[in-house]
Amino acid sequence: VSADMSETRWDRLLLNATLATFAGDAPYGLIERGAIALHHGRIAWIGRMEALPDAPDMLASAVESLDGALVTPGLIDCHTHLVFGGDRANEFDLRLNGASYEEIARAGGGIVSSVNATRAASEEQLFAQSLQRARALLADGVTTLEIKSGYGLDLESERRMLRVARRLGRELGISVRTSFLGLHALPPEYSDRRADYVALVCDEMLPALAAEGLVDAVDAFCEGIGFTREETRRLFERAKQLGLPVKLHAEQLSDLDGAALVAEYAGLSADHLEHLGESGIRAMAGAGTVAVLLPGAFYALRETRLPPVALLREHRVPIAVATDCNPGTSPLLSLRLAAGMACTLFRLTPEEALRGVTVNAARSLGLSDRGTLAAGQRADLVVWNAGRPAELCYWIGGSLARKVYVAGELVSRRKPSRRSPSAS
Ligand code: DI6
Ligand code: FE
(Lines give C-alpha, C1' and ligand atoms only; values in the text may rest on other atoms or scores of the structure.)
(Ligands and ions follow the chains in the order given, each with its own letter.)
Protein backbone atom coordinates (compact mmCIF):
# COMPACT_ATOMS: atom_id res chain seq x y z
CA VAL A 1 0.00 0.00 0.00
CA SER A 2 1.47 3.34 -0.98
CA ALA A 3 1.77 6.27 1.39
CA ASP A 4 -0.98 8.25 -0.38
CA MET A 5 -3.32 5.34 -0.24
CA SER A 6 -2.97 5.00 3.50
CA GLU A 7 -3.87 8.66 3.89
CA THR A 8 -7.14 8.27 2.09
CA ARG A 9 -8.01 5.09 3.92
CA TRP A 10 -10.61 5.11 6.69
CA ASP A 11 -9.33 4.89 10.27
CA ARG A 12 -11.44 1.84 11.11
CA LEU A 13 -13.88 -0.49 9.38
CA LEU A 14 -16.23 -2.79 11.31
CA LEU A 15 -17.55 -5.72 9.26
CA ASN A 16 -20.31 -8.29 9.63
CA ALA A 17 -22.25 -6.15 12.09
CA THR A 18 -25.97 -6.14 12.79
CA LEU A 19 -26.55 -2.39 12.55
CA ALA A 20 -29.50 -0.83 14.39
CA THR A 21 -29.18 2.61 12.80
CA PHE A 22 -32.47 4.24 13.91
CA ALA A 23 -32.17 6.23 10.69
CA GLY A 24 -35.41 6.17 8.69
CA ASP A 25 -38.63 4.39 9.56
CA ALA A 26 -37.74 0.73 8.94
CA PRO A 27 -37.86 -1.33 12.16
CA TYR A 28 -34.79 -0.28 14.17
CA GLY A 29 -33.35 1.04 10.87
CA LEU A 30 -31.81 -2.45 10.76
CA ILE A 31 -29.00 -3.39 8.35
CA GLU A 32 -27.96 -7.07 8.55
CA ARG A 33 -24.46 -8.15 7.48
CA GLY A 34 -23.54 -4.50 7.63
CA ALA A 35 -20.31 -2.52 7.54
CA ILE A 36 -19.54 0.79 9.19
CA ALA A 37 -16.46 2.94 8.61
CA LEU A 38 -15.11 5.48 11.11
CA HIS A 39 -12.87 8.33 10.00
CA HIS A 40 -11.68 11.44 11.81
CA GLY A 41 -14.34 10.97 14.47
CA ARG A 42 -17.26 10.63 12.06
CA ILE A 43 -19.09 7.82 10.35
CA ALA A 44 -17.59 7.85 6.86
CA TRP A 45 -19.60 5.02 5.30
CA ILE A 46 -22.41 2.68 6.37
CA GLY A 47 -24.33 0.01 4.48
CA ARG A 48 -24.46 -3.65 3.59
CA MET A 49 -21.06 -5.33 3.43
CA GLU A 50 -21.51 -6.40 -0.16
CA ALA A 51 -21.96 -2.76 -1.21
CA LEU A 52 -18.48 -1.76 0.03
CA PRO A 53 -16.61 -0.07 -2.83
CA ASP A 54 -13.44 -2.18 -2.48
CA ALA A 55 -11.75 -4.97 -0.52
CA PRO A 56 -11.83 -4.09 3.22
CA ASP A 57 -8.04 -4.04 3.61
CA MET A 58 -7.78 -1.51 0.80
CA LEU A 59 -10.40 0.69 2.41
CA ALA A 60 -9.28 1.01 6.04
CA SER A 61 -6.19 1.00 8.24
CA ALA A 62 -7.89 -1.21 10.85
CA VAL A 63 -10.46 -3.84 9.92
CA GLU A 64 -12.43 -5.86 12.44
CA SER A 65 -15.10 -8.51 11.91
CA LEU A 66 -17.87 -8.49 14.50
CA ASP A 67 -19.36 -11.91 13.79
CA GLY A 68 -22.90 -10.58 13.63
CA ALA A 69 -22.71 -8.56 16.86
CA LEU A 70 -25.22 -5.74 17.29
CA VAL A 71 -24.02 -2.15 16.84
CA THR A 72 -26.15 0.83 17.90
CA PRO A 73 -25.59 4.56 18.22
CA GLY A 74 -24.01 5.50 21.55
CA LEU A 75 -26.81 5.76 24.10
CA ILE A 76 -27.89 9.23 25.24
CA ASP A 77 -29.08 9.76 28.82
CA CYS A 78 -30.99 13.02 28.44
CA HIS A 79 -32.19 13.54 32.05
CA THR A 80 -29.97 12.96 35.09
CA HIS A 81 -29.15 14.54 38.44
CA LEU A 82 -25.94 12.54 38.54
CA VAL A 83 -23.83 15.04 40.52
CA PHE A 84 -24.78 15.13 44.21
CA GLY A 85 -23.18 14.70 47.63
CA GLY A 86 -23.85 11.69 49.85
CA ASP A 87 -26.70 9.32 49.09
CA ARG A 88 -30.04 8.39 50.67
CA ALA A 89 -29.57 4.65 51.13
CA ASN A 90 -30.06 5.13 54.87
CA GLU A 91 -33.51 6.65 54.26
CA PHE A 92 -34.40 3.76 52.00
CA ASP A 93 -33.45 1.42 54.82
CA LEU A 94 -35.39 3.41 57.44
CA ARG A 95 -38.53 3.51 55.28
CA LEU A 96 -38.47 -0.21 54.71
CA ASN A 97 -38.15 -0.62 58.45
CA GLY A 98 -41.35 1.30 59.00
CA ALA A 99 -40.32 4.97 59.29
CA SER A 100 -42.70 7.43 57.65
CA TYR A 101 -41.66 10.15 55.18
CA GLU A 102 -42.64 12.69 57.81
CA GLU A 103 -40.35 11.16 60.43
CA ILE A 104 -37.52 11.08 57.91
CA ALA A 105 -38.10 14.69 56.87
CA ARG A 106 -38.20 15.80 60.52
CA ALA A 107 -34.86 14.06 61.03
CA GLY A 108 -33.42 16.23 58.25
CA GLY A 109 -33.91 13.69 55.46
CA GLY A 110 -35.29 13.96 51.96
CA ILE A 111 -34.10 16.38 49.31
CA VAL A 112 -32.75 18.75 51.99
CA SER A 113 -30.28 16.09 53.13
CA SER A 114 -28.92 15.88 49.56
CA VAL A 115 -28.65 19.68 49.45
CA ASN A 116 -26.74 19.69 52.75
CA ALA A 117 -24.42 16.90 51.62
CA THR A 118 -23.80 18.61 48.27
CA ARG A 119 -23.05 21.96 49.91
CA ALA A 120 -20.67 20.27 52.35
CA ALA A 121 -18.74 18.39 49.64
CA SER A 122 -15.58 19.84 48.08
CA GLU A 123 -15.31 19.90 44.30
CA GLU A 124 -12.86 16.95 44.50
CA GLN A 125 -15.25 14.92 46.66
CA LEU A 126 -18.22 15.65 44.41
CA PHE A 127 -16.16 14.77 41.37
CA ALA A 128 -14.88 11.50 42.81
CA GLN A 129 -18.29 10.15 43.80
CA SER A 130 -20.02 11.36 40.64
CA LEU A 131 -17.29 9.78 38.50
CA GLN A 132 -18.25 6.33 39.79
CA ARG A 133 -21.83 6.85 38.64
CA ALA A 134 -20.84 8.27 35.27
CA ARG A 135 -18.51 5.31 34.75
CA ALA A 136 -21.36 2.89 35.42
CA LEU A 137 -23.54 4.60 32.79
CA LEU A 138 -20.67 4.63 30.29
CA ALA A 139 -19.93 0.95 30.89
CA ASP A 140 -23.53 0.23 29.84
CA GLY A 141 -23.24 2.22 26.62
CA VAL A 142 -23.89 5.91 27.41
CA THR A 143 -21.82 8.33 25.29
CA THR A 144 -23.80 11.55 25.84
CA LEU A 145 -25.03 12.51 29.29
CA GLU A 146 -27.21 15.37 30.48
CA ILE A 147 -26.51 16.48 34.06
CA LYS A 148 -28.57 18.98 36.07
CA SER A 149 -27.59 21.20 38.95
CA GLY A 150 -30.20 21.66 41.68
CA TYR A 151 -28.73 20.22 44.89
CA GLY A 152 -26.64 23.31 45.59
CA LEU A 153 -29.33 26.02 45.55
CA ASP A 154 -26.80 28.80 46.16
CA LEU A 155 -24.50 30.32 43.56
CA GLU A 156 -21.28 28.70 44.78
CA SER A 157 -22.72 25.22 45.17
CA GLU A 158 -24.64 25.28 41.88
CA ARG A 159 -21.45 26.41 40.14
CA ARG A 160 -19.50 23.57 41.78
CA MET A 161 -22.05 21.01 40.54
CA LEU A 162 -21.91 22.32 36.98
CA ARG A 163 -18.11 22.49 36.96
CA VAL A 164 -17.99 18.87 38.14
CA ALA A 165 -20.43 17.91 35.36
CA ARG A 166 -18.19 19.48 32.72
CA ARG A 167 -15.12 17.85 34.23
CA LEU A 168 -16.75 14.40 34.11
CA GLY A 169 -17.12 14.76 30.36
CA ARG A 170 -13.46 15.67 29.94
CA GLU A 171 -12.28 12.89 32.26
CA LEU A 172 -14.27 10.13 30.56
CA GLY A 173 -14.08 11.42 27.00
CA ILE A 174 -17.88 11.53 26.71
CA SER A 175 -20.22 14.46 25.94
CA VAL A 176 -21.88 16.15 28.91
CA ARG A 177 -24.74 18.65 28.46
CA THR A 178 -25.56 20.72 31.53
CA SER A 179 -28.94 22.02 32.70
CA PHE A 180 -29.35 24.68 35.39
CA LEU A 181 -32.03 23.55 37.86
CA GLY A 182 -31.93 26.33 40.45
CA LEU A 183 -35.72 26.03 40.79
CA HIS A 184 -35.52 22.44 42.07
CA ALA A 185 -36.43 23.02 45.73
CA LEU A 186 -36.69 25.96 48.09
CA PRO A 187 -33.46 26.04 50.15
CA PRO A 188 -34.08 25.95 53.93
CA GLU A 189 -32.65 29.46 54.49
CA TYR A 190 -35.34 30.85 52.14
CA SER A 191 -38.27 28.89 53.58
CA ASP A 192 -40.19 32.09 54.39
CA ARG A 193 -38.80 34.13 51.46
CA ARG A 194 -39.96 32.31 48.34
CA ALA A 195 -40.09 35.31 46.07
CA ASP A 196 -36.57 36.32 47.08
CA TYR A 197 -35.21 32.92 46.13
CA VAL A 198 -36.95 32.93 42.73
CA ALA A 199 -35.53 36.41 42.09
CA LEU A 200 -32.06 35.26 43.11
CA VAL A 201 -32.23 32.30 40.71
CA CYS A 202 -33.58 34.33 37.78
CA ASP A 203 -31.69 37.59 38.21
CA GLU A 204 -28.36 36.52 39.67
CA MET A 205 -27.58 32.82 39.57
CA LEU A 206 -28.68 32.03 36.01
CA PRO A 207 -27.07 35.05 34.33
CA ALA A 208 -23.79 34.50 36.25
CA LEU A 209 -23.54 30.78 35.49
CA ALA A 210 -24.58 31.28 31.86
CA ALA A 211 -21.85 33.91 31.46
CA GLU A 212 -19.33 31.34 32.71
CA GLY A 213 -20.40 28.93 29.97
CA LEU A 214 -21.71 26.41 32.50
CA VAL A 215 -25.32 26.26 31.27
CA ASP A 216 -26.51 24.51 28.10
CA ALA A 217 -30.23 24.56 29.03
CA VAL A 218 -32.57 25.70 31.81
CA ASP A 219 -34.88 23.36 33.76
CA ALA A 220 -37.31 23.70 36.69
CA PHE A 221 -39.43 21.45 38.93
CA CYS A 222 -42.96 22.73 38.24
CA GLU A 223 -45.00 20.95 40.90
CA GLY A 224 -47.08 21.46 44.05
CA ILE A 225 -43.99 20.58 46.11
CA GLY A 226 -41.73 22.48 43.70
CA PHE A 227 -42.42 25.77 41.90
CA THR A 228 -45.55 27.30 40.40
CA ARG A 229 -46.29 27.99 36.77
CA GLU A 230 -45.79 31.72 37.36
CA GLU A 231 -42.39 31.18 38.99
CA THR A 232 -41.40 28.87 36.14
CA ARG A 233 -42.52 31.41 33.56
CA ARG A 234 -40.35 34.06 35.16
CA LEU A 235 -37.34 31.74 34.83
CA PHE A 236 -38.20 30.91 31.21
CA GLU A 237 -38.41 34.62 30.35
CA ARG A 238 -34.88 35.09 31.68
CA ALA A 239 -33.66 32.00 29.78
CA LYS A 240 -35.18 33.43 26.59
CA GLN A 241 -33.39 36.71 27.18
CA LEU A 242 -30.11 34.84 27.56
CA GLY A 243 -30.77 32.74 24.45
CA LEU A 244 -30.88 29.45 26.40
CA PRO A 245 -33.26 26.57 25.58
CA VAL A 246 -35.69 25.38 28.26
CA LYS A 247 -37.08 22.06 29.46
CA LEU A 248 -39.31 21.16 32.41
CA HIS A 249 -40.08 18.58 35.09
CA ALA A 250 -43.81 18.59 34.37
CA GLU A 251 -46.91 16.68 35.40
CA GLN A 252 -45.02 14.20 37.62
CA LEU A 253 -47.28 14.25 40.66
CA SER A 254 -50.12 16.50 39.48
CA ASP A 255 -51.26 18.40 36.36
CA LEU A 256 -50.16 22.04 36.57
CA ASP A 257 -50.25 22.41 32.78
CA GLY A 258 -46.46 22.62 32.75
CA ALA A 259 -46.10 20.82 29.42
CA ALA A 260 -48.10 23.56 27.66
CA LEU A 261 -45.93 26.18 29.37
CA VAL A 262 -42.66 24.66 28.20
CA ALA A 263 -44.15 24.18 24.71
CA GLU A 264 -45.06 27.88 24.66
CA TYR A 265 -41.31 28.58 24.95
CA ALA A 266 -40.56 26.04 22.17
CA GLY A 267 -38.95 23.90 24.90
CA LEU A 268 -36.69 20.97 24.14
CA SER A 269 -38.58 18.56 26.40
CA ALA A 270 -41.20 18.00 29.07
CA ASP A 271 -40.16 15.27 31.47
CA HIS A 272 -41.96 12.69 33.74
CA LEU A 273 -45.56 13.39 32.49
CA GLU A 274 -47.55 10.73 34.36
CA HIS A 275 -50.35 13.31 34.86
CA LEU A 276 -50.16 14.85 31.36
CA GLY A 277 -53.50 15.48 29.63
CA GLU A 278 -54.46 15.80 25.99
CA SER A 279 -54.24 19.61 25.79
CA GLY A 280 -50.63 19.46 27.00
CA ILE A 281 -49.91 16.76 24.43
CA ARG A 282 -51.36 18.92 21.64
CA ALA A 283 -49.18 21.83 22.73
CA MET A 284 -46.09 19.61 22.75
CA ALA A 285 -46.90 18.21 19.31
CA GLY A 286 -47.28 21.72 17.94
CA ALA A 287 -43.97 22.90 19.39
CA GLY A 288 -41.91 19.79 18.65
CA THR A 289 -41.26 19.30 22.37
CA VAL A 290 -40.00 15.80 23.22
CA ALA A 291 -41.73 13.72 25.94
CA VAL A 292 -39.06 12.31 28.27
CA LEU A 293 -40.30 9.30 30.25
CA LEU A 294 -38.54 8.32 33.47
CA PRO A 295 -39.47 4.79 34.55
CA GLY A 296 -36.84 4.72 37.31
CA ALA A 297 -38.72 7.34 39.34
CA PHE A 298 -42.06 5.64 38.57
CA TYR A 299 -40.63 2.39 39.92
CA ALA A 300 -38.88 3.77 43.00
CA LEU A 301 -41.93 5.83 44.04
CA ARG A 302 -44.19 2.81 43.38
CA GLU A 303 -46.25 5.14 41.19
CA THR A 304 -49.31 3.59 39.58
CA ARG A 305 -50.46 6.35 37.24
CA LEU A 306 -49.03 5.65 33.78
CA PRO A 307 -47.84 8.33 31.35
CA PRO A 308 -50.29 8.70 28.41
CA VAL A 309 -48.25 6.69 25.91
CA ALA A 310 -51.14 5.93 23.52
CA LEU A 311 -52.02 9.63 23.20
CA LEU A 312 -48.38 10.61 22.73
CA ARG A 313 -48.21 8.11 19.88
CA GLU A 314 -51.47 9.34 18.40
CA HIS A 315 -50.22 12.93 18.36
CA ARG A 316 -46.78 11.86 17.12
CA VAL A 317 -44.92 13.40 20.02
CA PRO A 318 -41.36 11.99 20.00
CA ILE A 319 -40.73 9.90 23.13
CA ALA A 320 -37.36 9.72 24.90
CA VAL A 321 -36.40 7.62 27.92
CA ALA A 322 -33.82 8.51 30.59
CA THR A 323 -32.55 7.31 33.97
CA ASP A 324 -33.38 10.45 36.03
CA CYS A 325 -30.39 9.23 38.07
CA ASN A 326 -30.82 10.98 41.45
CA PRO A 327 -30.36 10.07 45.14
CA GLY A 328 -34.02 10.39 46.13
CA THR A 329 -36.39 8.97 43.56
CA SER A 330 -34.29 7.16 40.96
CA PRO A 331 -30.90 5.79 42.03
CA LEU A 332 -30.63 4.10 38.63
CA LEU A 333 -27.25 3.53 36.98
CA SER A 334 -28.18 1.82 33.72
CA LEU A 335 -29.87 3.56 30.79
CA ARG A 336 -30.31 0.19 29.13
CA LEU A 337 -32.32 -0.94 32.17
CA ALA A 338 -34.37 2.29 31.99
CA ALA A 339 -35.25 1.34 28.40
CA GLY A 340 -36.25 -2.16 29.54
CA MET A 341 -38.39 -0.68 32.33
CA ALA A 342 -40.06 1.64 29.79
CA CYS A 343 -41.13 -1.52 27.94
CA THR A 344 -42.27 -3.51 30.95
CA LEU A 345 -43.84 -0.69 32.99
CA PHE A 346 -45.02 1.75 30.27
CA ARG A 347 -45.57 -0.77 27.45
CA LEU A 348 -43.28 0.93 24.93
CA THR A 349 -42.14 -1.43 22.23
CA PRO A 350 -38.41 -2.25 22.37
CA GLU A 351 -37.99 -0.19 19.21
CA GLU A 352 -39.72 2.81 20.81
CA ALA A 353 -37.64 2.46 23.97
CA LEU A 354 -34.40 2.23 21.97
CA ARG A 355 -35.33 5.19 19.76
CA GLY A 356 -35.99 6.87 23.11
CA VAL A 357 -32.39 6.46 24.27
CA THR A 358 -30.86 7.33 20.87
CA VAL A 359 -32.46 9.46 18.18
CA ASN A 360 -35.23 11.04 20.30
CA ALA A 361 -32.89 11.60 23.25
CA ALA A 362 -30.54 13.49 20.91
CA ARG A 363 -33.43 15.62 19.78
CA SER A 364 -34.42 16.37 23.39
CA LEU A 365 -30.95 17.83 23.89
CA GLY A 366 -31.08 19.81 20.66
CA LEU A 367 -28.31 17.67 19.13
CA SER A 368 -28.60 16.66 15.47
CA ASP A 369 -25.11 15.19 14.99
CA ARG A 370 -25.76 11.96 16.92
CA GLY A 371 -28.40 9.43 17.93
CA THR A 372 -28.44 7.61 14.59
CA LEU A 373 -25.88 5.64 12.61
CA ALA A 374 -25.58 7.51 9.31
CA ALA A 375 -22.76 8.89 7.17
CA GLY A 376 -21.57 12.23 8.53
CA GLN A 377 -22.79 11.63 12.11
CA ARG A 378 -20.33 11.60 15.01
CA ALA A 379 -18.86 8.12 15.39
CA ASP A 380 -20.51 7.51 18.81
CA LEU A 381 -21.40 3.83 18.83
CA VAL A 382 -21.63 0.70 20.94
CA VAL A 383 -20.73 -2.84 19.95
CA TRP A 384 -22.87 -5.17 22.07
CA ASN A 385 -22.54 -8.74 23.28
CA ALA A 386 -25.94 -9.28 21.73
CA GLY A 387 -27.26 -10.06 18.28
CA ARG A 388 -30.69 -8.38 18.16
CA PRO A 389 -31.83 -4.94 19.30
CA ALA A 390 -34.67 -6.21 21.52
CA GLU A 391 -32.09 -7.97 23.71
CA LEU A 392 -30.95 -4.60 25.02
CA CYS A 393 -34.36 -4.14 26.65
CA TYR A 394 -34.93 -7.81 27.42
CA TRP A 395 -31.90 -8.67 29.59
CA ILE A 396 -32.27 -7.24 33.08
CA GLY A 397 -28.75 -6.46 34.30
CA GLY A 398 -25.59 -8.09 32.99
CA SER A 399 -22.68 -6.55 31.12
CA LEU A 400 -23.70 -6.29 27.51
CA ALA A 401 -21.69 -3.36 26.16
CA ARG A 402 -18.53 -4.78 24.55
CA LYS A 403 -16.95 -1.65 23.11
CA VAL A 404 -17.99 1.98 23.37
CA TYR A 405 -16.68 4.54 20.88
CA VAL A 406 -17.01 8.30 21.20
CA ALA A 407 -16.11 10.33 18.11
CA GLY A 408 -14.31 7.25 16.80
CA GLU A 409 -12.22 6.74 19.97
CA LEU A 410 -12.58 3.65 22.13
CA VAL A 411 -13.61 4.87 25.61
CA SER A 412 -14.68 1.61 27.23
CA ARG A 413 -14.15 -2.04 26.46
CA ARG A 414 -14.97 -5.41 27.92
CA LYS A 415 -14.03 -8.94 27.00
CA PRO A 416 -15.84 -9.89 23.80
CA SER A 417 -18.31 -12.67 24.10
CA ARG A 418 -19.15 -14.02 20.70
CA ARG A 419 -22.81 -14.28 21.48
CA SER A 420 -25.48 -12.84 23.66
CA PRO A 421 -26.34 -14.26 27.10
CA SER A 422 -28.68 -16.70 25.35
CA ALA A 423 -25.73 -18.70 23.99
CA SER A 424 -24.98 -21.88 25.96
N1 DI6 B 1 -38.31 15.16 40.62
C2 DI6 B 1 -38.00 14.14 41.41
O3 DI6 B 1 -38.63 13.14 41.54
C4 DI6 B 1 -36.71 14.42 42.03
N5 DI6 B 1 -36.44 15.74 41.57
C6 DI6 B 1 -37.37 16.12 40.74
O7 DI6 B 1 -37.34 17.20 40.18
C8 DI6 B 1 -36.58 14.27 43.49
C9 DI6 B 1 -35.18 14.60 43.88
C10 DI6 B 1 -34.82 14.13 45.26
O11 DI6 B 1 -35.65 13.61 46.02
O12 DI6 B 1 -33.63 14.26 45.59
FE1 FE C 1 -35.48 14.70 37.37
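# Helix packing, an iron site and selected residues

In this predicted model, α7 crosses α8 in a right-handed sense; a crossing is right-handed if the near helix is turned clockwise from the far one, and left-handed if it is turned anticlockwise by less than a right angle. On the α7 side the contact is made by Leu155, Glu158, Arg159 and Leu162, and on the α8 side by Met205, Ala208 and Leu209. Contact means heavy atoms within 4.5 Å. Helices (H or I, at least four residues) and strands (E, at least two) are DSSP runs, numbered from the N terminus.

The model is predicted, and local features need pLDDT of at least 70, side-chain atom pairs count only at pLDDT 80 or more, and totals for chains, interfaces and linings use all residues. Residues are numbered from 1 along each chain as its sequence is written, chains are lettered from A and ligands numbered from 1 in the order in which they are written, and side-chain values use heavy atoms, with hydrogens and water left out.

## Helix pairs

The table gives the geometry of two pairs. Axes are lines fitted to C-alpha atoms, for helices over the stretch in contact, and angles run from 0 to 180 degrees between N-to-C directions.

| Pair | Angle | Axis separation |
|---|---|---|
| α6 (residues 123-139) and α7 (residues 155-172) | about 50 degrees | 9 Å |
| α7 and α8 (residues 194-211) | about 35 degrees | 10 Å |

α6 packs against α7 at about 50 degrees. That angle makes α6 oblique to α7; angles under 35 degrees count as roughly parallel, over 145 as roughly antiparallel, 65 to 115 as roughly perpendicular and the rest as oblique. α6 and α7 cross in a right-handed sense. The α6 side of this contact consists of Glu123, Glu124, Leu126, Phe127, Ser130, Leu131, Ala134, Arg135 and Leu138, which meet Arg160, Met161, Arg163, Val164, Arg167, Leu168, Glu171 and Leu172 of α7.

## Helix α5 and its cover

Ser113, Ser114, Val115 and Thr118 are the buried residues listed for α5. Buried means under 20% relative accessible area, exposed over 50%, and partly exposed in between (1.4 Å probe, protein chains only). The cover over the buried residues of α5 includes α3 (89-96), α6 and α7.

Thr118 belongs to α5, which spans residues 111-120. Its relative accessible area is 1%, so Thr118 is buried. Residues up to four places away in sequence aside, Thr118 touches Phe84, Gly85, Leu126, Tyr151, Gly152, Arg160 and Met161. Of these, Leu126 is also listed in α6, and Arg160 and Met161 in α7, in the contact between those two helices.

Arg95 is located in α3. With a relative accessible area of 27%, Arg95 is partly exposed. Tyr101 and Ile104 are its contacts when residues up to four places away in sequence are not counted.

## The iron site

The iron ion (ligand 2) is coordinated at 2.1 to 2.3 Å by NE2 of His79, His81 and His249 and by OD of Asp324. Donors are N, O and S atoms within 2.8 Å of the metal (3.2 Å for Na, K and Ca); water is not among the atoms, so sites may look incomplete. Along the sequence the donor residues follow the spacing H-x1-H-x167-H-x74-D.

The 4 donor atoms subtend angles of 81 to 169 degrees around the iron ion, and the arrangement is therefore irregular. Four donors count as tetrahedral if all angles lie between 85 and 135 degrees; four count as square planar and six as octahedral if opposite donors are over 155 degrees apart and all others between 65 and 115; anything else is irregular.

His79 and His81 are both buried. Asp324, in the loop between β13 (319-321) and α14 (335-346), is buried at 1% relative accessibility. Phi of Asp324 is positive, near 60 degrees, in a residue other than glycine.

Tyr28 is not a glycine but has a positive phi of about 60 degrees. Tyr28 lies in the loop between β1 (10-20) and β2 and is buried, with a relative accessible area of 16%.

Arg355, in helix α15 (residues 350-356), is buried at 15% relative accessibility. Leaving aside neighbours within four places in sequence, Arg355 contacts Phe22, Gly24, Asp25, Ala26, Tyr28, Gly29, Asn360 and Ala361.
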